[in-house]
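These are my notebook entries on one protein structure. I looked up its disulfides, one of its sheets and some of its salt bridges.

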Amino acid sequence: MGLIQNCPFFLELLAINRSVFDVSKGKSHYGVGGGYNHFAGRDASRAFVSGNFTGDGLTDSLRDLSSAEVKSIVDWRDFYFRTYTYVGKLVGRYYDSEGNPTKYLKGVEAKAVRGAQLMEKQKNEEAKLPSCNSRWSQQEGSEVWCDDGYPRLVQRPTEIALTGKMSKRCACFKEEDLDQPGLEVYKGCDFSAKTCRL
């Protein structure tokens, strides 16, 4: 495996966290006209979670991403290691000219570990309260319901929210628990409804 200097490289190659992979076996996806062609020929690590496939979004900078988002990018890198041929390291933000990991890469790896811990904590916390059932159709819109209990929006603790920001989820509560602080009835839904159309 070699070092690839910071210069344009073949469109059959893709880098994520400056690890370079030969994606030629997926040319229908990564080639011209393919759904993932914006990833080919560059390190666009940030776009794997941001969904911004243009201009500044196609960058290897992970600055300001949450630990869960960084973990997701590291998971994508691991997917490429399992699926495609690893061909080397791209010198730059993540690897120095000797191929050694930079402080930035070490920071990314540490943040990804923290993301994994937070995801596990969130999973454990949310297992304590059953999630609502949900469905969506173009004709009828969204609907949430509980087989046993009443649907309520509940705030996730900020430290375990996957985005690192305030977020809510739908959980099912028994009637005797409905007076807890912080529970929110869906707008337009009756207090005692077990099904809410959104």
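**Entry 1: Disulfides**

I began with the term itself: a disulfide is a pair of cysteine sulfur atoms within 2.5 Å. I note at once that the model is a predicted one.

I applied this cut-off to Cys 189 and Cys 196, whose sulfur atoms are 1.9 Å apart, and the two form a disulfide. I then looked up the torsion about their S-S bond, which is -65°, and recorded the link of Cys 189 and Cys 196 as left-handed. Are Cys 189 and Cys 196 buried or exposed? I found that both are buried.

How many disulfides does a search of the whole structure find? I recorded three.

I turned next to Cys 132, which a disulfide joins to Cys 170 with an S to S distance of 1.9 Å. The torsion about the S-S bond is -75°, and the link of Cys 132 and Cys 170 is left-handed. I located Cys 132 in the loop between helix H4 (103-127) and S5, and Cys 170 in strand S8 (residues 168-173); the pair therefore ties together parts that are 38 residues apart in sequence. I also noted that Cys 132 and Cys 170 are both buried.

I then examined the disulfide between Cys 146 and Cys 172, with an S to S distance of 2.1 Å. Why does the pair of Cys 146 and Cys 172 tie together parts that are 26 residues apart in sequence? The reason is position: Cys 146 lies in the loop between S6 and strand S7 (150-155), whereas Cys 172 lies in strand S8.

For burial, I used the limit of under 20% relative accessible area. Cys 146 has 5% relative accessibility, so I counted Cys 146 as buried. Cys 172 has 9%, so I counted Cys 172 as buried too.

Finally, I counted the bonded cysteines along the chain and wrote down the pattern of the disulfides as 1-3, 2-4, 5-6.

**Entry 2: A sheet**

I looked up an open sheet of three strands, and its order is S5-S6-S9 with antiparallel pairing. Which strands are the edge strands? They are strand S5 (133-137) and strand S9 (195-197), each of which pairs on one side only. Neighbouring strands of this sheet are turned by 15° against each other on average, direction ignored.

As background, I reminded myself that the strands of a sheet pair through backbone hydrogen bonds. I then checked S5 against strand S6 (residues 141-145): the two run antiparallel, and five bridges join them. One example I noted is Asn 133, whose bridge partner in S6 is Trp 145.

**Entry 3: Salt bridges**

My background note here is that side chains of opposite charge can pair when their charged atoms come close. I recorded ten salt bridges in the structure and looked at some of them in detail.

Asp 60 forms a salt bridge with Arg 93, and their closest N and O atoms are 3.0 Å apart. I placed Asp 60 in the loop between helix H2 (47-50) and helix H3 (67-83), and Arg 93 in the loop between strand S4 (85-90) and H4; the pair links distant parts of the chain, 33 residues apart. Asp 60 has a relative accessible area of 7%, so it is buried. Arg 93 has 30%, so I noted Arg 93 as partly exposed.

I next looked up Arg 197 and Glu 140, whose side chains meet in a salt bridge of 3.5 Å, N to O. Arg 197 is in strand S9 and Glu 140 is in the loop between S5 and S6, 57 residues apart. At 47% relative accessibility, Arg 197 counts as partly exposed, whereas Glu 140, at 51%, counts as exposed. I also found Arg 197 and Glu 140 in a network of salt bridges that includes Arg 135 and Glu 143.

The last pair I looked up is Glu 184 and Lys 168, whose side chains meet in a salt bridge of 2.5 Å, N to O. Glu 184 lies in the loop between S8 and S9, and Lys 168 in strand S8, 16 residues apart. I recorded Glu 184 as partly exposed at 32% relative accessible area, and Lys 168 as partly exposed at 42%.

Conventions: Residues numbered from 1 in each chain as written. Predicted model: local features only at pLDDT ≥ 70, side-chain atom pairs only at ≥ 80, totals over all residues. Heavy atoms only, no water. Pairing = 2+ DSSP bridges. Helix = DSSP H or I, 4+ residues; strand = E, 2+ residues; numbered from the N terminus. Axes fitted to C-alpha atoms, helices over the stretch in contact; angles between N-to-C directions. Buried < 20%, exposed > 50% of the residue type's maximum accessible area, 1.4 Å probe, protein only. Salt bridge = Lys/Arg side-chain N within 4 Å of Asp/Glu carboxyl O.
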